[in-house]
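I opened my notebook to look up a few things in this structure. Here are my entries, in the order I made them.

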Amino acid sequence: MIINHPILGPRDSAEFTYMGDAALLDRPDWQAKDALLQFVDYGYLRDNPAGPHIELWYHEQGDRSFLVVTRDTTTHEISSVKLASDVARGRGRSK
Amino acid sequence: MRYSGLRVLKEALTGHKGWKPAWRDVAPQAHYDYIVIGGGGHGLATAYYLARNHGAKRVAVLEKGWIGGGNVGRNTTIVRSNYLLDGNEPFYEHSLKLWEGLEQDINYNAMISQRGILNLVHSDAQRDAFTRRGNAMILNGADADLLSTETIQKRYPFLNVNNARFPIKGGLAQYRGGTVRHDAVAWGYARAADQLGVDIIQNCEVTGFRIEGGKCLGVETNRGYIKGDKVASCVAGSSGRLMAKASMRLPIESHVLQAFVSEGLKPVLPGVITFGAGHFYCSQSDKGGLVFGGDLDGYNSYAQRGNLPVVEDVCEGAMAIFPMLGRVRLLRMWGGIMDMSMDGSPIIDHTHIESLYFNGGWCYGGFKATPASGWCYAHLLATDTPHEFATAFRFDRFAKGQMIDEKGMGNNPQLH
């Protein structure tokens, strides 16, 4: 698989480490009343879809950036690659 | 019809006109006591033991494709019980015992061959870890033998014990481990279940669950609605896809694992050997092909095919210990989809939906578990209590912090 890095251009996926579902970007509020339940869900439950999957790839052998990649789990086709920092900022985080 | 040597002789002399299909081709009835979704090894074993051990009468196995067309025909056929943790080892040892008696039990030649499995050790720390594992196995009634480098060199002269980076420092052997003809397991269980009255319904895909008031009443299929008093999911690899239809999220990711077969060779490899420094394992099939595999590709996939970096990694593992394989040509390679759970161990449990049960999360250890998985799942379905060997395989172990994590990798499914 080739991942089209937003800064470095097309890179072999072997340079990256897969870090799982991109829902992991949204860590639950640790002060919420049901924080324990939320963290069990966050830590252990996954949507695991057959089809488009939004996921995190860490460019460990490259610039150490985290990417948010949309990839079809039935074909391995990659349709979108963004910097995770941009995605998080877009949600009003990492000021 | 019972299979026997005499029968083969008789058929040979009478033109093979007496053989009958090994199981009936039936249309689904409107209502069953038990509906097992998934006609793989585990589903068929579940149906068989439901009928055999618990006297269940109206049992259906629904299979989307054909019997033997899923993961039961895509694995590397190894059976063993060399686990460390208390939650796992009694279960896998029970499974190995069932393998040992399986052919007589189901009257089917599954070509069970206890040729032994050897896990190689490459460092002092690893020898300590394997010593501990061997002791845990012996405590649970399994067999284990710690071998010295000299013994290994004598028994397996082709191994490169002096590899500069990964010298072989010893190994842990389980002589009762070995290989089984995987297709025959599916066919044998299907035939045995069928003879006890189980309906095996192929080309019947479950498209949804009918759930009312928190209770599962039956399943929608491409061949119509089927009512079921108890509905049992048993589709490891596709668990995420199936249980999403019941709006369940699972502690599971689906990953692709590749496996390989070389061209046929004369007998070169006695038993199963695993490399301890990388991830590589290998055995030789009765046809002569070397059957081997290694790591997952490491990303969510339902594609049943992998990528080349893992192929290279696996072949490097092979060359590190078996330099003799350098000129062997690869015949085939393929990918299978694994339910990779969050702690590397399976789940056999009821769900939060009444009458809906779940068996999955087998990671890439599902094949060896086939008999015990069916045995314990049937027990759960029939009695609504977990079998004594499967009490740890619960859904709530993640919330309670009672993970069964053999490798200590935490909630990283791709690393188990």
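I started with Asp313(B) and found it in helix α8 of chain B. Helices are DSSP runs of H or I with at least four residues, strands are runs of E with at least two, and both are numbered from the N terminus. This is a predicted model, where local features need pLDDT of at least 70, side-chain atom pairs count only at pLDDT 80 or more, and totals for chains, interfaces and linings use all residues. Residues are numbered from 1 along each chain as its sequence is written, chains are lettered from A and ligands numbered from 1 in the order in which they are written, and side-chain values use heavy atoms, with hydrogens and water left out.

Buried means under 20% relative accessible area, exposed means over 50%, and partly exposed is in between (1.4 Å probe, protein chains only).

Next I looked at the charge around it. Asp313(B) forms a negative surface patch with Asp295(B), Glu312(B) and Glu316(B). A patch takes residues with over 30% relative accessible area and no salt bridge; like charges are joined within 9 Å, and nonpolar side chains (Val, Leu, Ile, Met, Phe, Trp, Tyr) within 5 Å. A salt bridge is a side-chain nitrogen of Lys or Arg within 4 Å of a carboxyl oxygen of Asp or Glu. Which element gives the largest share of the negative patch? Helix α8 (residues 308-321) of chain B does, with three residues.

Then I checked backbone angles. Gln304(B) is not a glycine, yet its phi is positive, about 55 degrees. I placed Gln304(B) in the loop between β15 (289-300) and α8 of chain B. Gln304(B) has a relative accessible area of 36%, so it is partly exposed.

Thr77(B) also has a positive phi, near 65 degrees, and is a residue other than glycine. I found Thr77(B) in the loop between β2 (59-62) and β3 (78-79) of chain B. Thr77(B) counts as buried because its relative accessibility is 14%.

Last, I turned to chain A. How many helices and strands does chain A have? I wrote down two helices and six strands. Along the sequence, their pattern is β-β-β-α-β-β-β-α. The C-alpha atoms of chain A fill a box of roughly 45 × 35 × 20 Å along the principal axes. Chain A has 95 residues, and 42% of them count as buried.

Technical notes
Accessible areas come from the Shrake-Rupley method with a 1.4 Å probe; for residues, only the protein chains shown count as cover. Lys and Arg count as positive and Asp and Glu as negative; His and the chain ends are not counted. The place of a charge is taken as NZ of Lys, CZ of Arg, CG of Asp or CD of Glu.
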